[in-house]
Amino acid sequence: MTDTSHDRLLIIDFGSQVTQLIARRLRELNVYCEIHPYQNVTDAFVKEFAPKAIIFSGGPDSVMREGSPRPPKAAYEAGVPILGICYGQQVMMHDLGGKVEAGEHATAEFGRAYVTPTESRPNFVTGWFMDGSGQEQVWMSHGDHVSEIAPGFEVLGTSPGAPFAMTADLERKFYAVQFHPEVHHTPNGATLYENFVREAGFSGDWTMGAYREEMIRKIREQVGDKQVICGLSGGVDSSVAAILLHEAIGDQLTCVFVDHGLLRLHEAEEVVTMFRDNYNLKLIHADETELFLGELEGQSDPETKRKIIGKLFIDVFQKHADTIEGAEFLAQGTLYPDVIESVSFSGGPSVTIKSHHNVGGLPEKMGLKLVEPLRELFKDEVRELGRELGLPQSFIGRHPFPGPGLAIRCPGEITREKLEILRKADAVYIDQIRKHGLYDDIWQAFVAILPVRTVGVMGDGRTYDFACALRAVTSVDGMTADYYPFEHSFLGETATRIINEVKGINRVTYDITSKPPGTIEWE
Ligand code: XMP
């Protein structure tokens, strides 16, 4: 737990797949909230956290199973409003004297359903049931259901499979719903959250302006007069972290930008210029192209390439960090989704699909303490903070770029010739996307150069050049993705431009694989 100066809402996570979305909806309402797995939420925890309201998430278990997850008693005794969702509703009814039954009587519901209101119209449902049909579309996903509500509760809405779809104890301000208001398929769900936090008295004091001031104060407190090192990749997260730190501690910050020679066209100059000239920030530009490309020579296995890059990156970073006298802290752009401890019901480690590149392990090895000024933020909040800090929109809105850079867009052996061709082709492709006004509709777009030469004819001559693949996807978080449905005319025009403008490519293909089964990058 970190922040105590805001109104705070506690989300007790019972393992739903969509708990993070609850936090998203609340943050959109400028409400500060934290997700904690039910195992960690003890009576003492609730007292210390001092929430202004509590939400019980959904979850896959059955309250009738012995040993199934429960909130602590202190949650009910805190005297603050509670909202129970799905499993959260069932657990609340069960704990407070109602009944839950298994979904044997054809009452299990999965998918879209419609809730009809009862007579009661408390503030909690304001803005609901307003359309002509008098019903609200909701998303249901439950096997068990509440068969008897707890004393003090009344029914606010019913659905065909859930006679107690919406319930409330208006006196205690305990609300419980069987459906998931946080998901997209409950179109008016945000209104319920808004009504709930308004009833709970939240003032909506969580803004990026306030966060910036508060973080600056905290960074100063944590760091004192010591030196801080920050790895800068040119991506949004590390850039925003660096600018925030610079605002807080000025010259006590040194950024290290490791240039592995696998960046896009003009990228290194752009990053260095922006930080040195616009922010007057101490920056070490570690141009280690020769080292990285030398070690990668002859390597074609994707995991080997990733491991070489990851290891060299740490070595180089450490080498430069060692030159900064009195450095005691390492700054990282860790985000909230990386720190949420999720409830795992599956157990067992998940398989490694790709060894992601980060500087994990470095702080202990170097005896450094961590500064993580973005730990409480979601990605879109980082972008908002970046805007607040005056970073240009062109920078904030950039597509993500992976740590190993172009290495993983160059299947097979990496050569300088291929990198050169790839950079040029990528620049033409992105230029096309911008010119057609598509950049912001696409989550990530890039070119991969393929390890194959193909025969072509240009003018009267035969060509024997590389083929490349264009990739463009839409996604929310990079975990799943759909390929972008470009118009054929766009693809044709782009292929023509690449073949005409980039020497070394004579064939262009478009990758129409979604994730899963593909991944976004080619390696
Ligand atoms: P994949 O290829 O796994 O990529 O579908 C998902 C997202 O992660 C990015 N990516 C990385 N980012 N270090 C990073 O910082 C990495 O090693 C790495 N590998 C993939 C990828 O660009 C996409 O946005």
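Rings of Phe, Tyr and Trp (its six-membered ring) pair if their centres lie within 6.5 Å; planes under 30 degrees apart count as stacked, over 60 as edge-to-face and the rest as tilted.

**View 1. A cluster of aromatic rings.** Phe14, Tyr38, Phe56, Tyr76, Tyr87 and Phe174 are linked by ring pairs into a cluster. This is a predicted model, where local features need pLDDT of at least 70, side-chain atom pairs count only at pLDDT 80 or more, and totals for chains, interfaces and linings use all residues. Numbering starts from 1 along each chain as its sequence is written, and side-chain values use heavy atoms, with hydrogens and water left out.

**View 2. Tyrosine 484 with phenylalanine 486.** Searching the whole structure turns up 20 aromatic pairs. Here the ring centres of tyrosine 484 and phenylalanine 486 sit 5.0 Å apart with planes at 65°, so this pair is edge-to-face. Both tyrosine 484 and phenylalanine 486 are buried (under 20% relative accessible area, with exposed over 50% and partly exposed in between; 1.4 Å probe, protein chains only).

View 3. You'll find histidine 246 in helix 7 (residues 236-249); helices are DSSP runs of H or I, at least four residues, numbered from the N terminus. Histidine 246 counts as buried because its relative accessibility is 17%. Leaving out residues up to four places away in sequence, histidine 246 touches Leu253, Tyr279, Asn280 and Leu281 (contact: heavy atoms within 4.5 Å).

**View 4. Where helix 9 meets helix 10.** Leu291, Phe292, Glu295 and Leu296 of helix 9 meet Lys305, Ile308, Ile309, Leu312, Phe313 and Val316 of helix 10.

Conventions: Helices (H or I, at least four residues) and strands (E, at least two) are DSSP runs, numbered from the N terminus.
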